[in-house]
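Hello,

Here is the structure I said I would pass on. Please have it open while you read the notes below.

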Amino acid sequence: MSSPHPWLAVLAGAALAVAPVSAPAAKSHAPKGPVIYTVTLNKMAFGPLPASIHVGDTIEWANDDIFVHSATAKDHAFDVELPVKAHRWTTFHAAGTYPFACRYHPGMTGTLVVTK
Amino acid sequence: MFKAFAFAAALSLTAGVACAQAPNDAQIAHIAYTAGNIDIAAGKQALAKSHNKAVLDFANEMVRDHTAVNDQALALVKKLGVTPQDNPTSQALSKDAAAKLKTYSSLSGAAFDKAYATNEVAYHKTVNGALANTLIPNAKNAELKSLLETGLKLFKEHQAHAEHLVSTLK
């Protein structure tokens with residue numbers, strides 16, 4: 001896996017507010033531009049994940065659950081705290097396969113595949 | 001009125017006589033809320049007594065998560081116009097928990113940490129069994145059943161966390 005540097009960017013909500021995304025793993029983008037995929041957390045689970053994403057794409061983590069969660073890469077490449085009802089964003093700058101879990105509830109897991 | 005649920009028997013509690021009568025939603029809500037409150041109280045005791053970071057982190061998680069479930073349960077029963085119904089199982093749970101709090105209040109340091117964490121394993125195991133075998137199958141309201149199912153997922157995580165915590169304590 002290539003180096004994640006500068007792997008992670010948690011972006012301010014306002015910066016991406018122009019991208020209307022609501023459905024689980026839905027994507028929104030300008031033609032041929034970076035894509036924003038929404039992953040919704042609910043009922044102690046990560047919702048559907050995109051089969052793969054490309055370098056430059058962004059995952060929007062939407063915590064619709066009643067519990068605090070996190071999206072934490074197993075290799076610690078990213079660690080996003082997700083308060084109840086919070087939305088957070090992670091942009092990927094390097095290709096690779098990234099298994100992740102909730103830091104508080106390790107049974108909640110997923111894997112993101114990032115390609116060039 | 002029912003005397004006790006199979007849940008009480010599963011808890012090895014002596015209150016009442018176990019019988020096959022299924023709990024209704026009002027009783028299920030009361031039992032689930034009581035079970036959550038018991039773990040919140042245990043967590044607050046740990047926060048007050050422990051100096052072990054892993055124990056404190058675990059206790060904080062218990063208080064935070066169980067409070068979230070109970071807040072949701074309160075909102076649900078209010079929405080449904082259901083009044084949670086006290087019952088022998090809730091009473092037995094509370095009595096047993098009060099005794100444990102009293103026992104653990106005399107402990108300190110590593111002895112307290114070990115006792116608290118070990119009891120958390122046993123408690124979550126018991127509650128998870130009751131949720132899976134008695135409370136969820138008997139819940140009639142779909143929203144209540146869904147909340148209990150989410151609770152079961154959560155409490156299984158807690159059980160695993162507690163088991164890990166016990167394995168790290170001397």
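Two residues are in contact if their C-beta atoms, placed from the backbone, lie within 7 Å. In chain B, residues 24 or more positions apart account for 74% of the contacts with a separation of 6 or more.

This is a predicted model, in which local features need pLDDT of at least 70, side-chain atom pairs count only at pLDDT 80 or more, and totals for chains, interfaces and linings use all residues. Residues are numbered from 1 along each chain as its sequence is written, while chains are lettered from A and ligands numbered from 1 in the order in which they are written.

Chain B first. It has 6 helices and 0 strands (DSSP runs, numbered from the N terminus: H or I of at least four residues for helices, E of at least two for strands). Of its 170 residues, 36% count as buried (20 or more other C-beta atoms within 10 Å of the residue's own).

Now helix α2 of chain B, residues 25-49. It packs against helix α3 (residues 53-80) of chain B at about 155°, with the axes 8 Å apart. Axes are lines fitted to C-alpha atoms, for helices over the stretch in contact, and angles run from 0 to 180 degrees between N-to-C directions. α2(B) and α3(B) are therefore roughly antiparallel (over 145 degrees; under 35 is roughly parallel, 65 to 115 roughly perpendicular, the rest oblique). Residues in this contact include B:A32, B:Y33 and B:G36 of α2(B) and B:V55, B:H66 and B:A73 of α3(B). By class, the contact has 14 nonpolar, 7 polar and 2 charged residues. Ala, Val, Leu, Ile, Met, Phe, Trp, Tyr, Cys and Pro count as nonpolar, Asp, Glu, Lys and Arg as charged, and the others, Gly among them, as polar.

α2(B) also meets helix α4 (residues 88-105) of chain B: the axes come within 9 Å and cross at roughly 5°. These two helices are therefore roughly parallel. Among the residues that meet are B:H30 and B:Q45 in α2(B) and B:S90 and B:Y104 in α4(B). This contact has 9 nonpolar, 6 polar and no charged residues.

Next, the core. The largest nonpolar core has 58 residues (buried Ala, Val, Leu, Ile, Met, Phe, Trp, Tyr and Cys joined through C-beta atoms within 7 Å). A:W61, B:I28, B:A32, B:V55, B:L135 and B:L148 have the most contacts inside it. Leaving aside neighbours within four places in sequence, B:A32 is in contact with B:A73, B:L135, B:L148 and B:G151.

Last, the two chains. Their contact takes 8 residues from chain A and 11 residues from chain B. The chain A side has 5 nonpolar, 2 polar and 1 charged residues.

Best wishes

Definitions and conventions: Buried ≥ 20, exposed ≤ 12 C-beta atoms within 10 Å, placed from the backbone.
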